[in-house]
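Okay, everyone, thanks for coming. Let me put the model up and then we'll walk through it together.

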Amino acid sequence: MSVDARTTAAETPRSGLIERHAWPDRAFHWITAAAVLTLLATAFLPILGVEFGWVTIHWAAGWALIAALLFHIVRALGWQRLGRIWI
């Protein structure tokens, strides 16, 4: 099997495993998920009567989500081919 010039690193056979997503993509999704769940918890738990210092946690999770989104936008526009991310 020859490796074509159009083949990306993710498609190159390595010990029979196929890498579906690079580690920055996985890290982005896990950070986004954690930030959104934290934002939801700190938004609704005080309404349900759970008392804790939620403002700082909510604020930090919001900034983490903004940072993750900016990282994703820069990475998507700068390092990925438009043909691979287009609908």
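So, how many salt bridges does a search of the whole structure find? One. By salt bridge I mean a side-chain nitrogen of Lys or Arg within 4 Å of a carboxyl oxygen of Asp or Glu. The partners are R75 and D25, and their closest N and O atoms sit 2.6 Å apart. That pair ties together distant parts of the chain, with R75 in helix 2 and D25 in helix 1, 50 residues apart. Buried or exposed, these two? Both R75 and D25 are buried, where buried means under 20% relative accessible area, exposed means over 50%, and partly exposed is what falls in between, with a 1.4 Å probe and protein chains only. As background, side chains of opposite charge can pair when their charged atoms come close.

Before I go on, the ground rules. This is a predicted model, where local features need pLDDT of at least 70 and side-chain atom pairs count only at pLDDT 80 or more, while totals for chains, interfaces and linings use all residues. Residues are numbered from 1 along each chain as its sequence is written, and side-chain values use heavy atoms, with hydrogens and water left out.

Now, confidence. pLDDT is the predictor's confidence in each residue, from 0 to 100. The chain's mean is 83, and 83% of its residues reach 70 or more. Where pLDDT is low, the predicted coordinates should not be read in detail.

The overall layout is quick to describe. The chain has three helices and zero strands, running α-α-α from the N terminus on. Those are DSSP runs numbered from the N terminus: H or I with at least four residues for helices, E with at least two for strands. Buried residues make up 14% of the 87 residues. Among contacts between residues at least 6 apart in sequence, 50% join residues at least 24 apart.

Let's look at helix 2, residues 54-79. Its 26 residues reach 37 Å from first C-alpha to last, close to the 38 Å expected at 1.5 Å a residue; the expected span is 1.5 Å times one less than the number of residues. Which residues are buried there? A61, L65, A68, R75 and A76. For anyone thinking about spacing, an α-helix has 3.6 residues a turn, so residues three or four places apart point the same way.

Leaving aside neighbours within four places in sequence, T32 is in contact with L65 and A68. T38 is also found in helix 1, but at 28% relative accessibility T38 counts as partly exposed. T38 and A60 are 22 residues apart in sequence and 9.5 Å apart in space, C-alpha to C-alpha.

Further along helix 2 we get to F71 and H72. F71 is partly exposed at 42% relative accessibility, and H72 is partly exposed too, at 32%. P24 is 9.5 Å from F71, C-alpha to C-alpha, across 47 residues of sequence. For H72 and P24, 48 residues apart along the chain, the C-alpha separation is 8.8 Å.

Last stop, the surface. The chain exposes about 7,400 Å², and carbon and sulfur atoms supply 71% of it; areas come from the Shrake-Rupley method with a 1.4 Å probe, and for residues only the protein chains shown count as cover. L45, L48, V50, F52, W54, V55 and I57 form a nonpolar patch with about 610 Å² of accessible area together. A patch takes residues with over 30% relative accessible area and no salt bridge, joining like charges within 9 Å and nonpolar side chains (Val, Leu, Ile, Met, Phe, Trp, Tyr) within 5 Å. One member of it, I57, is in helix 2, and I57 is partly exposed because its relative accessible area is 40%.

Note on methods: Contact = heavy atoms within 4.5 Å.
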